[in-house]
Amino acid sequence: MIKTTTMQIRGMTCTACARASERAVKKLSGIAEANVNFATEKLAVQFDDEQVSLADIKAAVKKAGYEAVEIKAQDEEPPVTVQKQKLLIASIFTIPILYLAMGMMLSWPIPVWLAPMRYPLRFALIQLVLLIPVVIAGFRFYKVGYSALFRGSPNMDTLIALGTSAAILYSFFSIVQIILGDHMAVEHLYIESAAVIITLVLVGKTLEALAKGKTSEAIKKLIGLQPKTARVIRGGTEQEVPISSLVPGDHILVRPGEKIPVDGIILSGITAVDESFLTGESIPVEKQTGDEVTGASLNKNGVITIQATRVGQDTVLAQIIRLMEQAQADKAPIARLADQVSAYFVPIVVGIAVLSALLWLLAGEGPVFAMTILISVLVIACPCALGLATPTAIMVGTGIGAQHGILIKSGEALEIAHKIDTVVFDKTGTITEGKPRLTDIRPLDKDSLSETELLALAAGIEQVSEHPLGEAIVAAARERDVALPEVTDVTALPGRGIRGNLGGGALLLGNQALMTESSINMDELSLHAIEELSAEGKTVMLLALNGTLQGLLAV
């Protein structure tokens with residue numbers, strides 16, 4: 001049976017690492033598809049569980065030099081914090097090394113007891129001691145780089161490790177020359193080169209970790225939409241339990257203002273549900289017995305009991321999160337091209353570096369100049385950005401899209417989005433701010449109430465309501481500093497509107513159905529206005545006082 005799973009891959013430092021672990025998994029029998037994304041550090045794999053197990057996949061990844069961890073079992077790691085600490089340590093010790101090295105060439109003030117020409121050995125040893133913490137901070141480059149080299153799959157870290165190692169070893173050679181009496185060898189120290197290279201690469205790694213962290217926040221926000229607990233009715237008693245313990249068939253009580261914990265069907269109660277996180281529609285949807293509700297949507301104004309139908313990873317929200325993760329893990333066509341290029345790039349760079357050094361030696365230059373050329377080629381040609389730019393762009397793009405309510409299905413969809421020349425909107429054909437706003441106030445005629453009086457009455461009856469349309473009317477009245485009358489005996493009429501008492505007279509605010517039900521006469525002028533505003537995608541509410549239609553409002 002074909003199964004699909006996603007695992008975290010630890011120990012990767014570049015796209016070559018991702019390619020090596022992906023290749024190791026694909027060699028196993030029973031693997032239908034395997035995709036390792038360096039930006040998300042995740043392995044998405046489809047496999048036949050009768051031919052290969054998760055343990056086999058983990059073992060293959062471990063043999064390649066990395067660690068595969070099931071996402072559910074993994075501990076939270078603070079990669080950004082760790083990278084910042086490494087960068088801080090490297091920077092603190094690199095700055096004095098750079099000052100000493102450059103000070104000799106640029107005549108910066110250096111303590112007499114560290115003058116390179118008078119105390120060359122002391123000058124060299126001080127730099128060497130300062131280099132040790134920098135190497136420790138960047139030790140992972142050596143561990144991963146040389147490990148990959150010995151496995152026959154050199155990566156970006158291999159270039160950094162080879163370049164800095166060459167600089168450090170040649171500096172050791174120069175120190176030995178100084179000890180043997182050649183004080184001019186102090187001019188051939190490359191300790192500052194190794195320190196600066198390690199520190200600059202750590203700057204890049206820190207920026208990379210920050211980019212990943214910001215992107216993962218978008219998914220965390222989606223996860224945060226779901227409440228942590230739910231009120232379940234079991235055995236006739238109400239108890240609060242974690243949503244992870246819910247099972248299909250559970251009866252769940254949801255009060256006004258609470259988020260619905262899981263997908264389900266309403267067993268009892270009438271309410272309005274804010275589903276804007278899912279549909280983008282700012283106006284809540286009226287719900288009653290038998291209607292379906294979606295987990296993480298907001299119950300606005302009624303107590304309801306629902307029966308859970310989908311829980312855990314089966315809910316609509318979980319599917320949205322899964323879609324987001326798949327989009328971030330997906331390789332766009334240009335990312336696959338970058339992977340292919342970087343696969344050949346590293347060994348070619350190493351070859352060019354060695355060849356360049358040999359050619360300069362044959363041309364009559366000394367070993368110092370040849371070594372400088374070797375180090376320069378190894379470090380400058382490191383193509384980290386080549387393999388990182390595209391997956392990071394996909395991560396950031398899908399993450400920012402999610403924060404603004406736009407779900408991008410795949411990396412390929414994002415890549416070809418620049419070709420879009422037509423945007424098609426459904427339903428009302430409008431883009432909203434996510435919350436309703438009063439747009440129109442229309443008195444019926446000159447002899448009826450004024451706009452301010454109409455707004456005052458509507459806001460007066462709605463000020464005790466929790467309905468978003470009512471909240472929009474009250475907010476508009478407050479913006480205009482309109483004094484609100486006292487309306488008593490306010491009763492909500494689900495699906496129709498609201499009724500109240502104003503100084504002994506009946507005050508109604510609602511839709512056409514409420515007016516018809518209450519025998520309120522609507523002339524052709526009012527019907528035309530309703531039709532006109534509705535055609536603009538607005539919700540129209542009619543206000544009647546003492547059996548007479550006074551005007552209408554649109555949100």
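This is a predicted model: local features need pLDDT of at least 70, side-chain atom pairs count only at pLDDT 80 or more; totals for chains, interfaces and linings use all residues.

Modeller: Start with helix α2, residues 54-63; its buried residues are I57, A60 and V61. Buried means under 20% relative accessible area, exposed means over 50%, and partly exposed is in between, with a 1.4 Å probe and protein chains only. Helices are DSSP runs of H or I with at least four residues, strands are runs of E with at least two, and both are numbered from the N terminus.

Residues are numbered from 1 along each chain as its sequence is written, and side-chain values use heavy atoms, leaving out hydrogens and water.

What covers the buried side? The cover of α2's buried residues includes the strands β1 (2-10), β2 (31-37), β3 (42-48) and β4 (67-70), along with helix α1 (15-26). Contact here means heavy atoms within 4.5 Å. After α2 comes G65, with a positive phi near 105 degrees.

Now the wider chain. The protein has 17 helices and 19 strands. Of its 555 residues, 44% count as buried. Take the contacts between residues at least 6 apart in sequence: 65% of them join residues at least 24 apart.

Two helix pairs are worth a look. Helix α4 (residues 120-137) packs on helix α6 (residues 156-179) at about 155 degrees, with the axes 10 Å apart. Axes are lines fitted to C-alpha atoms, for helices over the stretch in contact, and angles between N-to-C directions run from 0 to 180 degrees. α4 and α6 are therefore roughly antiparallel. Angles under 35 degrees count as roughly parallel, over 145 as roughly antiparallel, 65 to 115 as roughly perpendicular, and the rest as oblique. The α4 and α6 crossing is left-handed. Left-handed means that the near helix is turned anticlockwise from the far one by less than a right angle; clockwise gives right-handed. From α4, the contact uses P120, L121, A124, L125, L128, L131 and V135; from α6, it uses I168, F172, I175, I178 and I179. By class, that contact has 12 nonpolar residues, no polar and no charged. Ala, Val, Leu, Ile, Met, Phe, Trp, Tyr, Cys and Pro count as nonpolar; Asp, Glu, Lys and Arg as charged; the others, Gly among them, as polar.

Q127 also sits in α4. Q127 is buried, at 1% relative accessibility. Leaving aside residues up to four places away in sequence, Q127 touches I97, L100, A101, L189, I191 and E192.

The second pair is α14 (residues 451-462) with α15 (residues 468-479), at about 130 degrees and with axes 8 Å apart. α14 and α15 are therefore oblique to each other. Their crossing is left-handed. L455, A458, A459 and E462 of α14 meet G470, I473, V474, A476 and A477 of α15. That contact has 7 nonpolar, 1 polar and 1 charged residues.

One more position: I321, in helix α9 (residues 316-329). I321 is buried, at 12% relative accessible area. I321 and A402 are 81 residues apart along the chain, with their C-alpha atoms 9.6 Å apart.
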